[in-house]
Each structure stands twice: as C-alpha cells, then as structure tokens.
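Subject: Structure handover

Hello,

Here is the structure I said I would pass on. Please open it alongside this message.

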Amino acid sequence: MADRQIGDLERILLRIDGRGYRAYRDAKGRFRFAEGLLCIDHVQGDPFATPSRIRVRIDQSKAKIPRSIFDTPVSRMALEDYLARRVDDRLRKRGHSNSGTGKSGLVSIDSGGQEVIERTALSVTENWVEARLEVGLPAAGRRVLGRQAVQLLTQYLRQLALDSLVFSPEFADRARAWVACIENQESMRRQLRDRGLVCFVADASVLPRSSGVSDRPLASNSLVAFQSPPSLRVSLKLAHPVAHPYKGETEISGMGIPAGVTLIIGGGYHGKSTLLRAIERGVYPHVPNDGREYVVTDPDTVKVRAEDRRGIEKVDISPFIRDLPDGQSTVQFSTEEASGSTSQAAAIVESMESEARVLLMDEDTSVTNFMMRDARMQRLVSKSNEPITPLVDRIREISESHQVSTMLVMGGSGDYLDVADTVLMMRNYEVSDETAAARRIAAAMPNARANESPEPFPTIRPRIPDARSVYPFTNRGRVRIDVPSIDSLRFGNETIDLRCLEQLTDRSQIRAVGWAIQFAARQFMGDDVSISRLLDELEKLMNTHGVASLSPFWRAGDNAPHPGNLARPRRHEIAAALNRLRSLRVSSGST
C-alpha cells in the first residue's frame, strides 16, 4: 500500500471520533509528513490491552546523523541505545495527558536499564532514524477520542521525534561520547582472552549499588572506589581517550583476573558478592557513569547456582553424581523436581554444553554437599555410600582439561585453597591478593581429605531437542509468548521459571529468549541438530539481521513493521530457558 499523507490520518481520526474502539483499525498504515513518516503497525483491541505499536521515522536529510558515528555494529548499537534513552528522557520531561480510559495517551519506548544491549526500540540507517513506540490510543470508555488522537499522533509524536532524533552540534558531541564509552568497553572485552584473563575491574570503579532492588550506583560520601592489588594490576588499551576519572588516558589500569580457579574470600558484608555481581554483569557494556562501565568480563561467563525443583532432561551429571541407591543412571539423568545438588550439577554441564568459558558461583546460592566434603565426613560416610563427587574434586580438571575457568565466592571451606590459582580477599570493599598467603597456609596445614573423582571428566555429550516438545501454542492453537514478570516466561501453556538466571536484564530480553526458542523449534530443530548448533544458528541469524529477526512481525527491508520490544539475549540464557521448559524432550547425539 502506498504511503498516505499525515492529513489523511487526521481526516480518518476525525471521521471515527466517537465510534467503537475497533474503528482505530482504519488508521493503520504509513503516513508521510514533511520530515519523515508515521507508521501505525498494530492497533490495540481495547483501551486496556497492550498499547498500539507505532513507529516515527525522521529522514536523514533532516536528522543529519553523521555516518561515521554508526559505521560498525558496536557503534550502531551504542548510538541506537543513546537515542532510545534520549526519546525516553523527552517523554519523561514533557509527559503526556493520560486523560481517558485505560492506557489512553500513554507513550513509551523500551530504553533499557544500566546495561547497553541491542534493542528493537530504535533503528538507525543511512536513510532514516526510527523510534519504535508503544502508544495508548485515546478513548472514553470504549469509544474513540478522535480529536485527542489527532493531537497525539500528528503533532505530539512528530515533535517528539524532531526533538529527540535531529542532531545539533551539542547533541552530536554527547552522542559521540556515549558511543566512545561503549566502544571502549567492547574493545577491552576483546583483549581479555589474548591476555589470558577472564575479567578486568578498572581502578576507580564504583561497584556497590544503591539498593537490593536498584541497579543504579550507590551515592555515598563514604564510598570505597575500587583499587587493584599491585600484583594483579594490568592495563588495557582503549579505542578512544576517556574523560573523568581517567583524564584522557589511552590505556586504563585495573585488576586483571587470570583464567583458572579464582576464590573470592573474606568476612560477611565485606563486598565479596558485590564484586561477583559486578563481574557477572560485566558480560554487557554499561552506560557511562554507571560506575561499572570499565568492568569487563569474558562474554561467555555464566552464573551457576542450585535450583531446587527444576526439571532436568537427559543431562549427563555422572561427573558429579552417580551410583544412586535406586540404581538410576545419571548419564542421561531426568527428573521433574531436582534436588539442590542435582540441579547445580546439571547447571554446570548445561553451561558447558552452551560453550561457557567461565563459571561463577557463590556459596550462598550453592549446596554445601555439592561444593565440599571434608576429611572427617569422608571418614564417617564412606565413598561407597556417597553418590556425590563434590565440585572441589572436579574444579581443576574442568579448568585444565575443558578450559573452563571458575570463580567462587567462598568463606566457609579451606579445602578450595588447594585447588585455587588466585585468591582474592575482600575487606571493607577493598581487595587484596592473598594467593601466596593461601599457599603457605595450605602447605603448613595439609588437607587430609581424599580426592573422590572416580574417573576423568567426560566430554560433554550433545543433546538433540525434539521440536514437537517445544510447543508455544495454547489450547486454542494460538502462539503465546509473553513475560508476566522479570522472573518468568510464558511459553504456550507453560510458564518457565527464570528466577535463577541472574544474568537476564529485563522483560524485553526475556521476551526475545521466548521468540528465539520458538524460532529455533520452527527453523532449526531436526534429527541431528544439537542444542549447541541451534545456538550457533541463532547467533548467526542475529548477527546478520539483528535481534528484530526473532520477531514474528519482522521482515527484511524498509517496510518492516514494529517488531515489538526485544533486547538481544546471549546464547547461554536461551539455552538455560530451553532447559527449564518442562515439556522439552531430547535424544543423545554422538560425542
């Protein structure tokens, strides 16, 4: 259908004024105004439903965004993130009347939190820049408020786009600084593996958050800024010189944590978990002034924890648990309600299957009998009566034979001093390198416990999912993928519990996880396609076409409609959600 003029939209809205709410469907389409285009892609069914999906596009002849500022995938993502936040800032400052029924007059954009992730909320091309909005179309009861809709759609949204997306010299400088910060973080992250590091924490970083429910930095006069121990201090090169607090330097110094087994020790409330939390979120870039923007972590780092009562489907947990009293095999272990130890064992193996390179664990969210078994307990309960091989007996083998590093917050067991490569001590949020002291103590107080590994840790066995078991349809035959909370994903008739996936950032990322699973089941699952290969194909798709390509509304080209609010997920969270789908059935492939 050819584009119409914005005046045509005004006439439609006045014509349907006072009619039933569904009359808004007459307004669907593309309407051109002097500087760009307004696209009404989806109209909500009633004033209380999910708001309508509307795009506002400004031509580059008017926006004048320099091509040099978005000429790489990273810079484009960073610029789109900045512009989405700019739109959101304008919405918050100017506001809009919510007079009417339900969501009438509400306008929002999915601008994200402290992490900078590829989103569908905004798109920049050589020809245009486009904001993807959710808009509550005005209504009184379930009647169209046509005149209010004219003001909202043809005037307010147009001015919002012009104010937010058209460059000025000051605007351009701020955007460039934002993009440079994100490019620096990604450049640093790429240097980690070549330097033999799994993580880097810059000096002067601010790690504590304002509260347990907020991810914003803590503001306090007594705040302790991070300082690296001299023995672990390294410098990484920056793509761009930075301003405060690093004073225009082209390199940045901080603590480099080497690959291998790392312990983070110290007393309670001294900052162990705060450091680990910063490291786990360091897989994503962060907004400038977050305090953790120069904390960068290997992108294939996965947080692992115990998770009572989750389902497990044919996972080989035999490296950790075998010879169960009932004779059940653990080579292809399945259960509807896992115990703490079996769930943590499965989570490690599943993370290795999704090709994690670093595992993070905190003793507070781990199971004691899975983590350790001391000499006295070994003497009292013989190995023949204990099916669990504790992690302490496998952790070095995982590092050396499988090249998967582990970082543990540990305050209750000295057994791990024998297997650690690096030991960090947290005191009042200050870190010190206690590796040498830990080795002296381990040598002076030899461990009397015996290693209980029965045989070498096997190669991870590929699992092949059955597409028929990945069913996103309701009883009425409709695809249902939505996000009732930050902790769950509704997939067909099932609700997947995501409370233990701590590296998921927000609802848009969870929504994308759901659509990724649905897309994989429809396009990639077959007789010989393993979970790892599915993840490879999904990454290839998103690298080529963006996260929007997961959406059922997406199509290639300039005429693609609003894809819905999606944020790019990592392969590890896609796999973890799939593994928690209770209907999932798999078969085993050859190793």
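This is a predicted model: local features need pLDDT of at least 70, side-chain atom pairs count only at pLDDT 80 or more; totals for chains, interfaces and linings use all residues.

Residues are numbered from 1 along each chain as its sequence is written, and side-chain values use heavy atoms, with hydrogens and water left out.

A cavity here is a set of points, on a 1 Å grid over the protein atoms alone, where a 1.4 Å probe fits but cannot get out; lining residues have an atom within 4 Å of a point. Points are joined across faces, edges and corners, and a volume is the space filled by probe spheres set on them. By this rule there are five cavities of 30 Å³ or more.

The largest cavity has a volume of about 200 Å³. It is lined by 19 residues, and Val302, Lys303, Ser351, Leu501 and Ala576 are the closest to its centre. Strand E17 (301–303), helix H7 (340–353) and helix H14 (571–579) each supply at least two lining residues. H14 gives the most, with five. (Helices, H or I of at least four residues, and strands, E of at least two, are DSSP runs numbered from the N terminus.)

The second largest cavity has a volume of about 110 Å³. Of its 15 lining residues, Val315, Asp316, Val349, Ile460 and Arg461 are the closest to the centre. Strand E18 (312–315) and H7 each supply at least two residues of this lining, and the largest share, three residues, comes from H7.

Regards

Conventions
On a 1 Å grid over the protein atoms alone, a cavity is a set of points where a 1.4 Å probe fits but cannot get out, and a pocket is an open set with protein on both sides within 12 Å along at least five of seven lines; lining residues have an atom within 4 Å of a point.
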